[in-house]
Amino acid sequence: MDEELRSLTERVRGESGGAAGYERLVVTDSTDELAAVLTEPGQPLWARELAAFRLGVAGDRRAFEALVLLLNHRDPPRCASAAYALARLADPRTARAAAALATNELRVAYALHPVRLLVELRAPEAVPALITTLQRRLRPHDPYRRVALACVEGLGALGDARARPVLNEALAHPNLAEAAVRALARIPKQR
């Protein structure tokens with residue numbers, strides 16, 4: 001069992017309250033059984049999360065919608081497990097969904113994991129989405145510094161020259177300046 005699955009199962013075990021279905025979802029090899037949990041009415045969130053995670057890691061695209069919903073959840077551990085599974089799902093819709101979540105100003109409080117997922121995917125949508133999200137975070141008194149920092153670090157990891165202007169703007173923000181210097185150093189110089 002990999003570390004992400006172990007962490008998820010430990011967290012979900014407590015949420016399940018020892019429900020009989022918990023053990024079944026942890027040990028089953030049936031992707032159809034897992035997928036049924038996503039469509040059956042009345043399934044608890046912990047069961048849907050566990051089933052979606054296991055399907056996503058297995059590359060079963062029936063998990064896509066559930067994982068995207070979990071990626072935008074208010075509970076950071078749910079977002080983290082969804083991002084992990086989505087990165088392994090290899091669904092071509094993932095980057096577009098993550099970009100939409102990262103740039104949604106109404107849900108910016110939950111944008112941290114979509115931003116990190118975009119960086120991991122290295123998809124064409126990543127740089128424009130991170131630039132947009134970071135530009136919005138550079139407003140005075142913006143409360144989402146962790147999202148801004150993830151964008152700065154992500155743009156540095158992606159090393160795309162289109163990020164230079166917004167990273168230069170980030171230099172003026174004390175909480176971001178050091179990371180912006182490192183990010184700019186990772187972008188190849190134009191000749």
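Leu184 is found in helix α12 (residues 177-186), where helices are DSSP runs of H or I with at least four residues, numbered from the N terminus. Leu184 is buried, with a relative accessible area of 11%; buried means under 20%, exposed over 50% and partly exposed in between, with a 1.4 Å probe and protein chains only. The model is predicted, so local features need pLDDT of at least 70 and side-chain atom pairs count only at pLDDT 80 or more, while totals for chains, interfaces and linings use all residues. Residues are numbered from 1 along each chain as its sequence is written, and side-chain values use heavy atoms, with hydrogens and water left out.

**Surroundings of Leu184**
- Leaving aside residues up to four places away in sequence, Leu184 touches Arg164, Leu167, Asn168 and Leu171, contact meaning heavy atoms within 4.5 Å.
- Between Leu184 and Ala150 there are 34 residues in sequence and 14 Å in space, taken C-alpha to C-alpha.

**Packing of α1 and α6**
- The axes of helix α1 (residues 3-16) and helix α6 (residues 76-89) come within 11 Å and cross at roughly 140 degrees; axes are lines fitted to C-alpha atoms over the stretch in contact, and angles run from 0 to 180 degrees between N-to-C directions.
- α1 and α6 are therefore oblique to each other, a class for angles that are not under 35 degrees (roughly parallel), over 145 (roughly antiparallel) or 65 to 115 (roughly perpendicular).
- In α1, Glu4, Leu8, Arg11 and Glu15 meet Pro77, Arg78, Ser81 and Tyr84 of α6.
- The residues of this contact divide into 3 nonpolar, 1 polar and 4 charged; Ala, Val, Leu, Ile, Met, Phe, Trp, Tyr, Cys and Pro count as nonpolar, Asp, Glu, Lys and Arg as charged, and the others, Gly among them, as polar.

**The two sides of α3**
- Helix α3 (residues 31-39) has Leu34, Ala35, Val37 and Leu38 as its buried residues.
- Seen down the axis of α3, these buried residues fall within an arc of 145 degrees, so they line one face of the helix; the arc is that of the directions from the helix axis to the C-beta atoms.
- Asp32 and Thr39 are exposed residues on the face of α3 turned away from its buried side.
- The cover over the buried residues of α3 includes α2 (20-27), α4 (45-57) and α5 (64-71).

**Positive phi in loops**
- Ala90, in the loop between α6 and α7 (94-102), has a phi near 60 degrees, a positive value in a residue other than glycine.
- Ala90 counts as exposed at 55% relative accessibility.
- Arg122, in the loop between α8 (112-121) and α9 (126-137), has a positive phi near 55 degrees and is likewise a residue other than glycine.
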